[in-house]
Amino acid sequence: MNRYLFIALFIASAFFSPAIALFTGIVFALFLKNPYQALSKKVSKYLLQVAVVGLGFGMNLHESLKAGGEGMLFTIVSVTGVMIIGYFIGRWLKIPLKLSYLISSGTAICGGSAIAAVAPVVNADENETSMSLAIIFTLNAIALFIFPPIGHWLELTQQQFGLWAAIAIHDTSSVVGAGAEYGAEALAVATTVKLTRALWIIPLSLVSLFFFSKSKSRGVSIPWFIFLFIGAMVMNTYIDIPAGILRFISGASHCFLSMTLLLIGATLSPAAIRKVGAKPVLEGVILWVVIALATLVVIL
């Protein structure tokens with residue numbers, strides 16, 4: 001019965017808002033249990049990439065470069081700052097170095113993608129990886145729900161909210177979801193700045209390899225779909241694509257995004273929640289609050 005209901009919800013989620021899709025997935029996972037746990041993780045990874053590339057067809061390269069350039073300084077300062085602050089918080093709370101490093105990496109760059117890329121480089125074990133993912137995912141889910149209302153309460157412009165969401169929300173899926181909830185311009189800014197930020201996975205992985213050189217590394221995971229996203233923006237800017245095709249791609253991309261968020265929400269399990277200790281959670285919350293407030297202060 002669970003299998004049929006899950007499949008039905010997955011198909012129906014194409015017509016849900018991003019926040020509702022994520023919430024539906026979480027509720028299903030906690031009360032009914034996801035019958036396709038492993039498959040959901042795999043499909044959500046690639047479906048998100050397809051959705052993001054599709055969103056690139058709705059963006060102008062020149063406008064996106066301007067938005068990304070304005071957020072570049074924030075990105076450099078925030079990524080470096082979070083990694084440094086995370087190191088000292090981890091030492092203060094006496095959290096295992098690799099676990100603290102994964103939490104900091106997920107907060108600094110792009111949530112689960114950064115953790116997935118860095119974990120094999122530092123040779124983190126399954127418990128350290130799952131704990132850091134559970135912490136980042138939980139905070140990421142909360143952000144998707146609370147950031148748009150806070151943005152409206154503070155009367156942030158579309159540009160301001162997009163920049164804030166891109167830097168202060170961990171995972172690309174929730175950044176895109178929050179941007180979509182706030183408005184089209186916020187979505188464009190948030191997606192561009194976040195994907196620019198996601199490229200920091202590459203230098204971070206190389207730096208991690210240097211500092212954890214005694215670990216047996218399985219290599220660096222490069223987010224190749226980002227280059228396809230850039231290619232989509234170039235095509236939309238310089239090629240006269242029929243408006244009907246662009247509308248279809250945009251609509252499909254938004255549907256894929258909601259379906260992705262349902263799958264991501266459905267991968268949260270009670271067992272994963274029980275594995276998360278108080279101190280790692282505290283580190284994740286502190287880093288999240290610091291980056292969110294610092295970004296708001298600069299923007300405002």
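Me: First up, His170: buried or exposed?

Reply: His170 is buried, at 0% relative accessibility. Buried means under 20% relative accessible area, exposed over 50%, and partly exposed in between (1.4 Å probe, protein chains only). Keep in mind that this is a predicted model: local features need pLDDT of at least 70 and side-chain atom pairs count only at pLDDT 80 or more, while totals for chains, interfaces and linings use all residues. Residues are numbered from 1 along each chain as its sequence is written, and side-chain values use heavy atoms, with hydrogens and water left out.

Me: OK. Where is His170 in the fold?

Reply: His170 is in the loop between α8 and α9 (172-182). Helices here are DSSP runs (H or I, at least four residues), as are strands (E, at least two), numbered from the N terminus.

Me: And what does His170 touch?

Reply: Not counting residues up to four places away in sequence, His170 touches Gly106, Thr107, Ile109, Cys110, Gly111, Ile136, Leu139, Asn140, Lys194 and Trp288. Contact means heavy atoms within 4.5 Å.

Me: Zooming out, how many helices and strands does the protein have?

Reply: The protein has 15 helices and zero strands. Buried residues make up 50% of its 300 residues. Among contacts with a separation of 6 or more, 83% are between residues 24 or more positions apart.

Me: What about the largest nonpolar core, how many residues are in there?

Reply: The largest nonpolar core has 84 residues, and Ile109, Phe147, Phe161 and Trp164 have the most contacts inside it. A nonpolar core is a set of buried Ala, Val, Leu, Ile, Met, Phe, Trp, Tyr and Cys residues joined through side-chain atoms within 4.5 Å. In soluble globular proteins, nonpolar side chains tend to be buried together.

Me: Which helix gives the most to this core?

Reply: That's helix α7 (residues 126-153), with nine residues.

Me: Let's stay with Trp164. What's around it?

Reply: Leaving out residues up to four places away in sequence, Trp164 touches Phe147, Ile150, Gly151, Leu156, Ile169, Ala292, Thr295, Leu296 and Ile299.

Me: Why is Trp164 called buried?

Reply: Because its relative accessible area is 2%. Phe147 is buried too, with a relative accessible area of 2%.

Me: How many aromatic pairs are there?

Reply: The count comes to eight aromatic pairs. Rings of Phe, Tyr and Trp (its six-membered ring) pair if their centres lie within 6.5 Å; planes under 30 degrees apart count as stacked, over 60 as edge-to-face and the rest as tilted.

Me: Take Phe6 and Phe28. Why is that pair tilted?

Reply: The ring centres of Phe6 and Phe28 are 5.3 Å apart and the planes are at 55°, so the pair is tilted. Phe6 lies in helix α1 and Phe28 in helix α2, so this pair ties together parts 22 residues apart in sequence. Phe6 is buried, and so is Phe28.

Me: And how far apart are Phe147 and Trp164, centre to centre?

Reply: They're 4.1 Å apart, with 20° between the planes, and the pair is stacked. Phe147 is in helix α7 and Trp164 in helix α8, 17 residues apart. Both belong to one aromatic cluster, formed by Phe147, Phe161, Trp164, Tyr182 and Trp288.

Me: New topic. At what angle do α8 and α10 pack?

Reply: Helix α8 (residues 158-168) and helix α10 (residues 184-198) pack at about 35°, with axes 7 Å apart. Axes are lines fitted to C-alpha atoms, for helices over the stretch in contact, and angles run from 0 to 180 degrees between N-to-C directions. The residues of this contact divide into nine nonpolar, three polar and three charged.

Terms used
Ala, Val, Leu, Ile, Met, Phe, Trp, Tyr, Cys and Pro count as nonpolar, Asp, Glu, Lys and Arg as charged, and the others, Gly among them, as polar.
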